[in-house]
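Dear colleague,

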Amino acid sequence: MTRRDLIELGIAAVLVLVAAALHYAHAAPVVTFLGAALAIAMLARLVGGATEQLGGRLGSSVAGVVQSGLGNLPELFIALFALHDGLILVVQAALVGSVIANSVLVLGLAFLVGGVRNGTQRFSSMRARMIATLTTLAATILAFPTLAHAFHSPAAAHEKSLSLICAGVLIVLFVLTLPGFLAGGDDHAGAAPRWSLATTVAVLGAAGVGAAFVSDWFVTALKPATEALGMSEAFAGLVVVAIAGNAVENVVGVQLAARNRPDFAISVVINSALQVALLLTPVIVFASLFFATTLTLVFPTLLAISLLVAAAITSLVVYDGESTWEEGAILVGLYVVIAASFWWGA
Amino acid sequence: MTRRDLIELGIAAVLVLVAAALHYAHAAPVVTFLGAALAIAMLARLVGGATEQLGGRLGSSVAGVVQSGLGNLPELFIALFALHDGLILVVQAALVGSVIANSVLVLGLAFLVGGVRNGTQRFSSMRARMIATLTTLAATILAFPTLAHAFHSPAAAHEKSLSLICAGVLIVLFVLTLPGFLAGGDDHAGAAPRWSLATTVAVLGAAGVGAAFVSDWFVTALKPATEALGMSEAFAGLVVVAIAGNAVENVVGVQLAARNRPDFAISVVINSALQVALLLTPVIVFASLFFATTLTLVFPTLLAISLLVAAAITSLVVYDGESTWEEGAILVGLYVVIAASFWWGA
Amino acid sequence: MTRRDLIELGIAAVLVLVAAALHYAHAAPVVTFLGAALAIAMLARLVGGATEQLGGRLGSSVAGVVQSGLGNLPELFIALFALHDGLILVVQAALVGSVIANSVLVLGLAFLVGGVRNGTQRFSSMRARMIATLTTLAATILAFPTLAHAFHSPAAAHEKSLSLICAGVLIVLFVLTLPGFLAGGDDHAGAAPRWSLATTVAVLGAAGVGAAFVSDWFVTALKPATEALGMSEAFAGLVVVAIAGNAVENVVGVQLAARNRPDFAISVVINSALQVALLLTPVIVFASLFFATTLTLVFPTLLAISLLVAAAITSLVVYDGESTWEEGAILVGLYVVIAASFWWGA
C-alpha cells in the first residue's frame, strides 16, 4: 500500500465514523444525510480502487465480472434499505437518476472540462458508440411499462408481470453481453497490483460492511432531511442518491476527458449508465419480490420520459464523434432543467 | 422450372389444401389459424419468387414497381378481409407490426446471426442509411394523428380528415420516390429468368387467388383462435399477422446477413418496412372508405409510440455503421418487450 | 448604395405604405393581414441586409452579436404586440413554428431544390452537425415544462417557475456559446460594405420603426383574419407568422443549397432555429413578466411534441452527411402533416 492508499483508507474510516456519530447522536437529519452521502461516495471510491487491484491480479475478464457486481454495491445497499422502508419512489428515481446523471450531467462535465482544456475533442472508437446504442436500447426497454401505463394500454393492468418480463429480458441480455464487454476491457487493465490479495479482500470486505451500515443511516435520514430541505423524494433519488452513488465514475470520467482521452472517458461514463439499466435495476426488481412492496418499472411518467430523452441525447452527442465545451455546457443545462422538474413534491 | 421450384409449388398447394380442409371441416380455430398462417407465408414466398422472375424479364425498373405492388399482396388481402369483418384493431396492429417486426425483430436477428457467424459487420452504403431515414420520417407521419388524439389537440375531433391527409401525403411521397429507388435496384437483378412468362403469370395468378382464399379463412379463424389462446387482437395483428405476412423478407434478410452482406440485408429488411408505411398503409386507409368501418390512423397510443421508438432505433443502429451480435440480441429483447406489452386485451 | 439596394428600399417602403393604407382604411382583415405579412418579410430582408453591411464594417464578431439581436427583430415585435393583446397561443406557436419551419420545411426545401439541381449532396462540416445537436438539446429544454404538465408531474403546479428556470438556462447558454459561434462566423464576412455607416444606421432605424408599426397592424388583423379564413390561432402562429418572420433565412438557405453549398445552407437554416430557441424565446418569456399575461413554456402538448420530433429529425437528416431530393420531399411532407394537425381550432 502506498501512502496515498493509506490516506484514502483513513479518510473513508473517518467519514464512516462521522456518519455513525451523526446517526446515533440523532443529529439534524440534513446533516446526517449529507455526512452519510459523503461517506458513501468515499466507500464507492474504495470499492472501485479495490476491484481494480483485483483486476491486475485476476485478469481483466474476471475483474470485469467482479467490477460489475461490486461497483454497484453502494447503490444496491441504498436501494434495498429504501425498499425496506417503502420508499419506492426514491429507489425508482435513484435508478433512473443514475442513468441520467451519467449520460447527461457527467458526460456534459467531461465535454465541458475536456473542451476547455483541449479544444474540440474527437472520439471514434466503436466501443463508445456501441455502448451508447446499447444504453439507448436498454433505456427503451426500461421505459416500456411506464409507457404502457401512461397511455392506458390494457397491459397497464398487468404492470407487475410486464415489469418482470422487462427485468428478465434485461438480465438475460446482461449475461449474454457480458463476455463481449470483458473482451474489450483491456483499457482498464495494465496497472500492476499494489496491494496483496489479502489486503484487497480485507478492504473490499470492510468497505462492503461499511457501505451496508452507512446506507442504512443514509436512508433513515433521507425522508426527514428531504422534507426539511423542501425537496421531493423524487429529487432526492434522482439527484442526491444518484450522484452520491456514482461519485467514482463521475470523477474518473471527467478526469479522463481532462487528460484528453475522450474515448475512454465516454466508455467509462456510459458503461456505468448501461450497467444500472442492464444489471442493477432488474436485480432490484427481482429482489423486491421478497419485500412487502414490489418495485415495478412503472415510474412516474416524466421520469421515464426523461430517461428516454437522456438516452437518445447520449447517442446523439456520442454519434457525432466530436465534443466541444459548448455541447458540454448545454448538456449540463439540460441536466439542470431535468433536475429542476423534479424538485417539487406531489 | 427447376426441381426445387416444383417442390416449392407442391408444398404451397398442399398447405393451401390443408388450410382449406381445416376451414371447411370446422377444425379448432387455433389449428385453422396456424394452418392458414403457414399457407400465407408459403404463398408470400411464391409471389416473391415469381415477381423476381418477372424482374429478370422486364428490367429492374418495372420489376420494382410490380414487386412493390405484389409483394404486399397477402398483407393487403388479410387487411381487406379483416376490415370487412370490422377487425380494425387487428389491421392497425398488423400494419404497425409489419414496420416493427422488420425494423426491430428481423434486423435484430440479422445482426445476431450475422454477428455470430462473421463477427462485427460493417456497412456503409448510403442506400441503407437513406432507407432508414425515410422510414423514420414516414413512421413519424403515420404516428401524427395518434399523437394529436392522445394529447387532446383540437385536431383529434377531425381524425378522419387528418388521417386522409397523412395517407395522401404518404402516397404522393411513394409515387415521387419510387423512381429513385428503382434506379438503385440493381442489387436485385442479375438472375436470369428460369420460368417462361406464361408460367410466371400463371404462378402469380394462382398464388394471388390462393392468397385471397387463405386470407379469408385466416381472418375467419383469427378472432376465435386468439380468444382461445388468450392473446389480444392487437397482439394477433402486431405479432402473428405481421410475421406471417413478412415471412419472406424476414428469411431473406437474415440469410443475407449470415452470408456477410450486411448492406444488402439492411436494405431488404428496412425497405420492406418502408413500403408498408409509404404504400400499403395509405392504400388500406383509402380502400377502407368503401367499407362500413373506416380505418383511421388513430392507433392505440402505445402502438404509435412503439412505431416511433422502433423507427428511431432503426436509424440509430443503422447510422453507427457497425453491427455486433450484442446489438442484435438487445434488438430482439426490445421486440420481446414490445410484443409482451400487447399480449393482454382490453 | 447600388441601384438594386434602392429598388429594395423602395419596394419595402411601398409595402409598408400599402399595409398602412389597408390598416387605416379598415380593409378586410384577411387582406390587411396578408399585406402586413408581406411588408414584414421585406423589412426582415432589409434588416438582414443592413446588419450584413454592419458586419463588413465592424468585424464578424461584433456583427454576429448585432445580427443575433437584430435578425430576430420583426419576430420580437410581433410577439410583443401579440402578447399585449393576450394572444398567448399565437406567440407560443410562432416561436415553436420558427424552429419547426426552419428545421423541417426550409431544410426540406433546401434538400429538394439542392438535390434536383445537383444530385446527392454531401456535407460534412463539424459546424452543421454541432448546430443540429445544440438545436436538439435546446428544443428538449424548451419542451420540458410542457412534458411536466402533460404527464401530470408535481412540477406542473409550478409551471411559471419551471418556465423561468428553463428560460434562464437557455439565455445563459446563449451568452456562453455566443463567442464560439462568432469564431466560426467567417462564412458570413468577406463582402466589403457598400453602404456608409450613416446610411446603414438610418436604414436599420427606419426598418426597425417600420417593423414595429407593421407588426402592430399585423397582430390587429390576425385574429379576425384567421377567423375569416377558418384557421386556428395555433396554425396562424405556427405557419403564417413563423414563415413571414423567417422569410430571409428561408430564401437564403434554399438559394445556398441550389448553389451546391449544402454545409453553409444547413448552418444558416438550423442556426436560425437555434437562435429562436436559445435567444428569442427566453427573451420573450422574461419580457412577458412585464405584461398582464405571462408567457410560460407550457405549450399545447402536441406543439411541444412536434418541436421534439422536428429537432430529432433535423439531427437525423444532418448526421447522415448526405441529402437527396427524396429526403427533402419527405421532410416537406412531414411539415404538411404537422401544419395540418394544427389547422383546426379548439
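Predicted model: local features only at pLDDT ≥ 70, side-chain atom pairs only at ≥ 80, totals over all residues.

Residues are numbered from 1 along each chain as its sequence is written, chains are lettered from A and ligands numbered from 1 in the order in which they are written, and side-chain values use heavy atoms, with hydrogens and water left out.

The contact between chains A and C (contact meaning heavy atoms within 4.5 Å) takes 31 residues from chain A and 30 residues from chain C. The area buried between the two (the accessible area, with a 1.4 Å probe, that two parts lose on being put together, summed over both) is about 2700 Å², and carbon and sulfur atoms give 83% of it.

Between chain A and chain C the count is one salt bridge (a side-chain nitrogen of Lys or Arg within 4 Å of a carboxyl oxygen of Asp or Glu). Its partners are Arg129(C) and Glu322(A), with the closest N and O atoms 3.2 Å apart. Glu322(A) also forms a salt bridge with Arg122(A), at 3.4 Å from N to O. That pair links distant parts of the chain, since Glu322(A) lies in strand β2 (residues 322-323) and Arg122(A) in strand β1 (residues 121-122), 200 residues apart. Over all chains, the search finds 15 salt bridges.

Helices and strands here are DSSP runs (H or I, at least four residues, for helices; E, at least two, for strands), numbered from the N terminus. In chain A, helix α5 (residues 88-118) packs with helix α11 (residues 262-287) at about 175°, their axes 9 Å apart (lines fitted to C-alpha atoms over the stretch in contact, with angles from 0 to 180 degrees between N-to-C directions). That makes α5(A) roughly antiparallel to α11(A) (under 35 degrees is roughly parallel, over 145 roughly antiparallel, 65 to 115 roughly perpendicular, the rest oblique). By class, this contact has 14 nonpolar, four polar and no charged residues (Ala, Val, Leu, Ile, Met, Phe, Trp, Tyr, Cys and Pro are nonpolar, Asp, Glu, Lys and Arg charged, the others, Gly among them, polar).

In chain C, helix α8 (residues 197-229) and helix α9 (residues 233-245) pack at about 125°, with axes 10 Å apart, which makes α8(C) oblique to α9(C).
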